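Work through the exercises below with the model open. Each task is followed by its solution.

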Amino acid sequence: MKTNKVFLGILVLVFVALMMASTLAFTEPLKLKVVMLFANPITSEAWNLNCFKGLMRAKEDFDVDILYQESVSDGEFPGVLRSSIMEGADLIIVNELYRTEPTLEMAEQYPDTMFAVCYGTKGADNVASVGGTNWEANCLSGAVAGAMTETNTVGFMIATDSPIAHNYLNAGFIYGARWTNPEVKVLTTYVGSWDDILKGKELVISMIDAGVDIVYSQSGKANQIAVQVCEGKGVWAIVTPSNDMIDVAPKTVVAVSTLVADEIVYGIVEDMVKGNLQGGLVVKGIKEGVEDIYFNPLLIDKVPENGIERVMELRQKIIDGEVTIEKIREELTKENIIF
Amino acid sequence: MLPYSRYLKGGGRKLMLSDVDNKKQGYKILIAVMPFVALLVALFLGGVLIFSVGINPWKAYGYMFRSLFSNIFLFSETFVHFVPLLFCSLSFAVGVKGQFINIGIEGQLYFGALIATLAGIYIQCLPAFIHIPLVLLAGVIGGVFLFGIAGILKIKFGVDEIISTLMLNYLAIFLVDFMVTYPLKPPNTYIPQSEKIAESARLLPLIAGTQINLGLILSLLVAVIIYYYVYRSPYGYQIRVVGASSNVAKYAGIDILKSTISVIIIAGGLAGLAGASMLIGAQHKLVPAFSSGYGFQAICTSVLAKNNPLWIILTALLFSFIQVGVGSMHRNAGVPLSLCWVIQGMIMVMITSSEYLTSKFSANLVGGRA
Amino acid sequence: MIYIYLKSFLLAAINFSVPLLYTASGGLILVKAGIFNVGMEGMMLAGAFLGFYGALITGNPWVGLLLAIMGGALLGLMLAYAAIFLRGNQLILGFGINFFILGLTGFFYRMLCSSGLITLTTRVKNFSPIYIPFLSKLPILGEIFFNHNFLTYLAILLVIFVNWFFYKTTYGLSLLSVGENPEVADASGINVYLVQYMSAIASGVLAGIGGAFLTLTQVTIFTENMTAGGGFIALAIIVFGKFQPWGMLWASLFFGAGDALVSQLQIIGIRLPTQITFMLPYALAIVALAGVVGKVKGPSAAMKPFIKN
């Protein structure tokens, strides 16, 4: 028992000492403080990596204090958010669209702090939700795939099965594929996570064995592997999110569905620094230059001529607002196509 | 204390009885101090690593401690982790006493949260003081159900619970993912989550702006109750005997089946409570993957505390501090998260290795074998 | 068409099972000697990273394999030291190793990325499939079974070897006795500590090979936390296989097939929510456990440190 008493005694001493030591002042920075919270590791799939690059670019260009934390789990998120606010953050960027609602709730309690959610679904006075559309670029990739397939079967590999994957990503892709090729069959598969390159590889192999001759991969790290498999099997590939993906296999990647995630993050910090970051929901798509399709110059002659025309036609319709995601879903449901 | 002159005599002095006594005091103090020393060694090595990436270790650890202790709001972040971790560790400890190595606590947590969500959403119009216990009870039922499957598999089919609980983990987690993506998701929304549970079922913070809620008090109370139940009550004694040796139990006339069922109910229920308390205290709705591995951390905290509920309170607190502190160190001082993992791993290895070293050291002090 | 689906399924099943088989073999050897290796996840991940790194800087996958073997041996040695000499709790040590390696591999991986050694175009050279003179050309069986790299074939030989080792050699029998009753083993002259150290090193080496298999034959890059729970599945495989080498083979194939089934169901076009398909392998495992496997008894002295008198 004496041991226990000594132990508890030391414990209390240590505790009190730590409490007293921690009240020693730290010099508070006078610069604008930006904290970015990632839900996954920074190197997880190109999405997080590009957002991080955007953050670092902003750090170089602007005189702000930039902190970040990665792999914040759902359980810790409210606590981490609150700690960041308590530690004096001026802007907190949340990099996970599923966390829009917890962020909104916290923002209500702390109206003096500015929040931003990447790809958020709702905004508020002090919450700026900025993101892409999640479907426009997919429409264009689908159109390219539909134009290029010779077996009339195209493949689409998505990272995780979620309502957004079905109703935005997949719906957009299927619509685009049918735009250039009304008879096309779309085989959509889900890897199950953002980084499972082993399953991703097997999925692509199986898809190609089953007759797919062009694969659109939107599944994080597995994109790279998907391209390598396509190269090995001699089929085409379309990937996201940035042009340098073409370097993985320059004779295989036909097009890249570009998504400038780093622009989104950079833009948020820039607006904050310039003082014009507005709360509310902002969705940026092809018109705003955030999403687009980029053809690999080496392979552009392999795309059927009227294919490129049709893709550009669709692109213009999207910019003009004639094609919207609601219309897409309506039409696909009318034709009894499951997405 | 011996007079100084005794120590000055040349070599070969006789061992006196008072010598042994004083050395025994030293031995006991050493045991008490060892875990701290182990922690310090791990932190020191961590400091070396932090220094190697160009960050000032003092600053890093300073942020770590500051985020934990400097004000009540930051301090309360620890309790977000502490409450579920405490429940899960208690669950593991009770299971171990009954000779169940339950590594399915994570799954039972999820399943408990699922059933609790159903009770929170589909039962309306109840006053809070009935609804909250009802939701917690639903959580208990969920946890017991899942652990019960493993229990039945062990009793009737002899299936080792290590593997059955591991499998059930995955099942429960995927099931929750499925439920919030399809049945429980409100129509025309695109985020996989359930509706919010009824207002009467939500636990609000006791101190505004913090995470401290009734769940904290409940978990501490439960820890004390479990301690008395397992270590100080006849039922607990029966459980421990059955867990130690079923033959002895048989000879002592203890109903083995009844004891085993009690263990299943208590351990499963505790894990389910962890899930339910997370649900009603934090997000107030069910989302996929909401737990950061408390079921597995619980194994470490419980083993480190030698499965004693009162010590578990301390180890769970320690692990919660480490998790929050390390996150703060990462966020504020820029220590790469990978290094934080390394430091966490080192802390665990050091502390568990220190126990034996302690007894080896003190054996030499007292003379002869310990 | 059915043939195509079957072929993809079986190939994927084999590819998923091999790393599990290596890791589980190592774990089996060690648990039979009395130490429960929960750190297999970390050892496997270390093997994957070291295999990748070795092949990256030298362009030769053999170097990668060697590096993975050495790293695994070192980790096994550390585990043995902490478990035997320091008598740390084996569960906590295992988890500690897992965290430690997760952080260490992530740290070094990012360092490599930021120093430019790893770019989008990085591909490490893999082991190529071996061409067996007559069998590889067989119409159906050839494609599925006889076009693999040497590590896959080695895995089968490994199972045969472990089985022979345990039950037909004196060293193997001494190992088994150490796990069952170390006091008796010690009394009959067996050096218990030596046996445990050697088994731990073997376990680390095999887990390392299992991890290296991933980066040196399956994919050409490394990602953080590549193994994602594979080490824990290996634990399940040991128990599922009733702590026997051949049982372990079937268990590995079972889990590998489960993983492959998840993918193949999507290709066939069965419209199940993916969460349900992911649940299937585990649900099947539980059913199989209840029906087929039944009572499993592990080595009696596993998890308890042996104290020599």
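**Exercise 1.** In this predicted model, determine which strands of chain A helix α9 (residues 261-274) of chain A lies across.

Solution. Start from the helix: α9(A) lies across β1, β3 (91-94), β4 (114-118) and β5 (127-132) of chain A. Next, take the direction: α9(A) runs at about 165° to β3(A).

**Exercise 2.** Give the strand order of the open sheet in chain A and the sense of its pairing. Why is one side of β2 (65-69) and of β11 (280-284) of chain A left without a neighbour in the sheet?

Solution. Six strands follow one another as β2-β1-β3-β4-β5-β11 in chain A, with parallel pairing. β2(A) and β11(A) are at the edges and have a single partner strand each, so one side of each lacks a neighbour in the sheet. From one strand to the next, the twist averages 15°. For the pair β1 (residues 33-37) and β2 of chain A, count five bridges in the parallel sense. Within this pair, Leu37(A) is opposite Gln69(A) of β2(A).

**Exercise 3.** Describe the interface of chain C and chain A.

Solution. First count residues: 34 of chain C are in contact with 33 of chain A. Then take the area: the two chains bury about 2900 Å² between them, 58% of it on carbon and sulfur atoms. Leu120(C), Arg123(C) and Ile267(C) supply 22% of what chain C buries against chain A, more than any other three residues. Last, apply the salt-bridge rule, which finds three across this interface. Asp259(C) forms a salt bridge with Lys199(A), with the closest N and O atoms 3.5 Å apart, within the 4 Å cut-off.

Conventions:
Residues are numbered from 1 along each chain as its sequence is written. Chains are lettered from A and ligands numbered from 1 in the order in which they are written. This is a predicted model: local features need pLDDT of at least 70, side-chain atom pairs count only at pLDDT 80 or more; totals for chains, interfaces and linings use all residues. Side-chain values use heavy atoms; hydrogens and water are left out. Contact means heavy atoms within 4.5 Å. Buried area is the accessible area (1.4 Å probe) that two parts lose on being put together, summed over both. A salt bridge is a side-chain nitrogen of Lys or Arg within 4 Å of a carboxyl oxygen of Asp or Glu. Two strands pair if DSSP finds at least two bridges between them. Helices (H or I, at least four residues) and strands (E, at least two) are DSSP runs, numbered from the N terminus. Axes are lines fitted to C-alpha atoms, for helices over the stretch in contact, and angles run from 0 to 180 degrees between N-to-C directions.
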